[in-house]
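Thanks for asking me to look this one over. Here are my notes, point by point, with the structure placed first so that you can follow along.

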Amino acid sequence: MELVRPLDGLDSHPWSTFSHAYGSADDLPDLLRALVGADAAAADEALSQLYGSVLHQGTVYAASAESVPFLARIAVAGHRTADVLALLGGMAESEDEHGMAPDTVRTAMTGQLPLLLPLLADADPIVRRTAAWALSHTRATTSVLPALGERWEEESEPRARAEVLAGITRLDPSAGAARAATVLGPSQPAALRMAAVFARLDAGAPWTEALHTTLLSLLPAEPLRSDFDMERAEPLAAVVEALLGRGRGADREGAFALVDASLRDGRAEVREEALWAADRACMLSRGAPRRLVPGLCAAAVDEEAVVALSCLLGRLGSAAAPAADVLVPLASRDPGHDDDEADRALAALVLVAPAQAAPLLAAGLGRRPRALDAAAGFLRPTASAFPYDGELLDAVRRRLARPQDLSGNEPGLLTGLLAGWGSPAAAALPELYAALAHFPAAARAVAAIAADRSRGERAQAVGVLRAAAERGSISAAKALFDLAGEHEPLVHCLAREIRLGGRGLTEAAGAAGPLGGRAAELAPALRAALGGGDGGTGTPALDADIATAGALWHITGDAAEAVAVLESVFERAQHNPWSQWSMVRAARTTALLGPAGRPLTARLEALLDDPVQAPAAALALTAVAEPASLDRIALAGAVLWSAERDADPTGACDALEALGADALTADHLRRLSDLAEGDARVVRSGVEGRVIRQDEAFRTRARGLLAARTANRTGTPCPGARAQGAEPSRVSRPGWKGVAMARLRVLALDFVGTLAGHGPAPDGQLVVEAIRDLPGVVVPDGFATRFDLVTRRLRQSDRARGVRSSFATRLRRSALECGAVVPDLRLATQAVFTALPDATVDPRAAAALRRLHAGGLRCVLASNTDRPEPVRLRTLRAASIADCFDALVLSGTLGVGKPDPRFYAAVAAAADCPPEEVLFVGDNPRTDAFGPHAYGMSAVLITSSPRPPDLPARIGTIGHLGELSAHLDRISR
């Protein structure tokens, strides 16, 4: 159907009264005109900008709904029909509706169904399958389901028919399951059979041996995935997740049997899919590691397979101990040379079997950074230090003796190892004393080691720390207080930190509290700093006041003063949508006051309806409220609800201990038993490398609570609330020019638009030229076209779902679809981006970065990019700025991108500091400003446009990276 004027009414529409992700929608008319124009490049760019504005990372806006009629007419008129349908479908699918009534976009789509439904019968099968997917997301069952049912009877193209089946199932699962049962047989096309498996799952049909056999016969299943359903981008893993989600033993065993059989398959591509599925199973199921480790060992058929397995084995920790011998040969390879594959295997062994790993780490120390980080860094289990090893101690001493060879996080990791060992590491004290001048973190190790040594050794350590503290080292002052109780140097350092303000104030207050009355001279400065910065409503200001309230209470004993400060915090937090965890900290601080905090009871009760805040609120209420007024049973229910939602499981345990076993009814005990003994993991989110370990820690505590209840029933004393102390404070290092702007230690920088312009993206022809001569590569005619098509499809579906497919995934998918052979995807990726010029670094931005780095900031590159790390490093070296960066966090390497919280967690881990000590700078409001701000980082947005109206006041704006120094100077005054 050709519409004469698909843009009729475009210019008269009141676009400026609506907004999208980047503000006013008055730019949409030009984008829509470009989309229908003859210039293909301009149309491509317009489509990309539309995804960025009306479907930004999966979020829709008022302008999204306003654009629907125009986009529908554009699609029907034949202008990039499949592409525009994919955009419309992504908007209809979105549940993240910003600033408008629910279903506004879907309602707009439903209004266009008379135009769009005929596209189900379009001559182009790509249009037909895109239409089936997009229209089913309108949820307009009355109109769409009959049309899809009619199309099911007529459609013959396998992939289009698969999308029709998926659409029917989305709208009516039982109808979809009935149709699916007729197309599971081996005579049917594989893509349709795969869709039928999912349809049966979605309808809740039993998992049968026939379905098991069918799915195994479809492996490798990745080529059969839907172009649109990115949640099922890895079909085997998606089936396993669906089965585990049913929560039944038979389905669980069905999932494990699928993974185990696939891990033992003779085809490498099937084992690769099985590893993804095993990874997902272990993240969801407590029983998965024990059941799947034998299969994982069987899949380790060569060194490449061991490298692929190492990440998962490391996350499983001691549960993967039977696989230790699989890791050892590669982990011990050539320790005298840099070897990333050996490093990955050794890092896994460190977490799986640390005693076996220790001598290998000693042999490779200085050339195995991943393994050292596993032994002493962010992912190390907090409950236990890495096992002492004499060879490793000698190796650490040799490294510390050459401070000029150390960079990045290595000094902190080496001294952290020694601190964990304590007295047995006494032989390293001379190296630590010398290292103090270069690495303040060494002070903690000095105190930890000397604490259990002879009087003479302690006296020597005290003298060294005292001298360092007198030179202004807060790390040394803190260590001196811990070791000898000398508080004067620490008070002096804290006074300086309080004067500097920012987030340094939060740390200083946290360190001042334990000093009690000995820090009395700090009280006036703490009072003067209350409510500072950001008008008092930003998360940093709230956190600073919370810490200050706790410090003043410990120092002065004046509960009324602390209550007044906390009351102000609770009031101001109502104007900050990002204050959830600040309120948790405020509630925990209130608990410290005991009955003196009773005036805050109403504030605490208001937090109980939020699953994140409920545990801390219940904990505080048990401490402050009138006992007779406390409904402990209701509080226990709110706390269990929080744990069941994976909102704050650790806090839930704290609160349940405080409430006492008598608060638990029979139903509470059943729910707690499900949390403790059930197969489904309770902790399912967070930093990927810690999730399994945190869930096991929660499970141990939950079992302890159940045991306490049993003991209480038999007359054995039941533990009450644990003593609540202030959280240990981290000691900061000087930030920008020694000024503690939010106690800034680390600068996280975006690349494109911040340090550099836009670089070219690889098209199919370039990929062919780059990889055709690699060993074993076979590139048939048509690969270039197929690659471009796959890239376009994946980018559209990625944008709709807020995910990011890797370049290697695009290569693999393209190869599978056209019969190409690319045996080494990593080598091929490297070859493509070696041949492709990277973005050019802006000289002014590079000069600004050098000044910032020279001023005392550590820097981390934090970029969404397909380019491998060696390629991006080459670009940085060419601009003479590679030495400015301690680490590179790249989405293509990490597997997740901004604004996924796991990306920001990786930035904080690479920076080796808490999020509040990181300043994130970039040009994308959602990924470089809102995202890091929500994670607890500071942020500065680079923009040449007016300040976005909904940008939190704490987020600064500048026009160019070259202006950042002046911005930091200005706000630190």
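How many bridges join strand 8 to strand 9? Four bridges join them, and the two strands run parallel.

1. A word on the ground rules. This is a predicted model, in which local features need pLDDT of at least 70 and side-chain atom pairs count only at pLDDT 80 or more, while totals for chains, interfaces and linings use all residues. Residues are numbered from 1 along each chain as its sequence is written, and side-chain values use heavy atoms, with hydrogens and water left out.

2. Six strands form an open sheet in the order 7-6-5-8-9-10, with parallel pairing. Strand 7 (885–890) and strand 10 (956–958) are the edge strands; each has a single partner, so one side of each is left without a neighbour in the sheet. On average, neighbouring strands are turned by 20° against each other, direction ignored. For the terms: helices (H or I, at least four residues) and strands (E, at least two) are DSSP runs numbered from the N terminus, and two strands pair if DSSP finds at least two bridges between them.

3. Strand 5. Both faces of strand 5 are covered: Val-746 and Ala-748 lie on one side, Leu-747 and Leu-749 on the other, and all are buried (under 20% relative accessible area; exposed is over 50%, partly exposed in between, with a 1.4 Å probe and protein chains only). Strand 5 pairs in the parallel sense with strand 6 over four bridges, and Leu-749 stands opposite Leu-861 there. Strand 5 also pairs in the parallel sense with strand 8 over four bridges, where Val-746 stands opposite Val-918.

4. Strand 9. Five of the five residues of this strand are buried, so strand 9 is largely enclosed by the rest of the structure. Ser-938, Val-940 and Ile-942 point one way, and Ala-939 and Leu-941 the other. In a regular strand, side chains alternate between the two faces of the sheet. Leu-919 stands opposite Ser-938. Strand 9 (residues 938–942) also pairs with strand 10 in the parallel sense over three bridges, with Leu-941 opposite Thr-957.

5. Helices on the sheet. Helix 45 (residues 869–878) packs on the sheet, touching strand 6 (858–863) and strand 7, and its direction makes about 135° with that of strand 7. Helix 47 (residues 901–911) touches strand 5 (746–749), strand 6, strand 7 and strand 8 (918–922), and makes about 155° with strand 6. Contact means heavy atoms within 4.5 Å; axes are lines fitted to C-alpha atoms, for helices over the stretch in contact, and angles run from 0 to 180 degrees between N-to-C directions.

6. A helix pair. Helix 17 (residues 303–316) and helix 19 (residues 340–352) pack at about 25°, with axes 8 Å apart. They are therefore roughly parallel to each other (angles under 35 degrees count as such). Helix 17 contributes Val-307, Ser-310, Leu-313 and Gly-314 to the contact, while helix 19 contributes residues including Glu-341, Arg-344 and Ala-345.

7. A loop residue. Gln-188 is found in the loop between helix 10 (173–180) and helix 11 (190–202). Is Gln-188 buried or partly exposed? At 24% relative accessibility, Gln-188 counts as partly exposed. The C-alpha atoms of Gln-188 and Pro-158, 30 residues apart along the chain, are separated by 8.8 Å.

Methods
Parallel < 35°, antiparallel > 145°, perpendicular 65-115°, else oblique.
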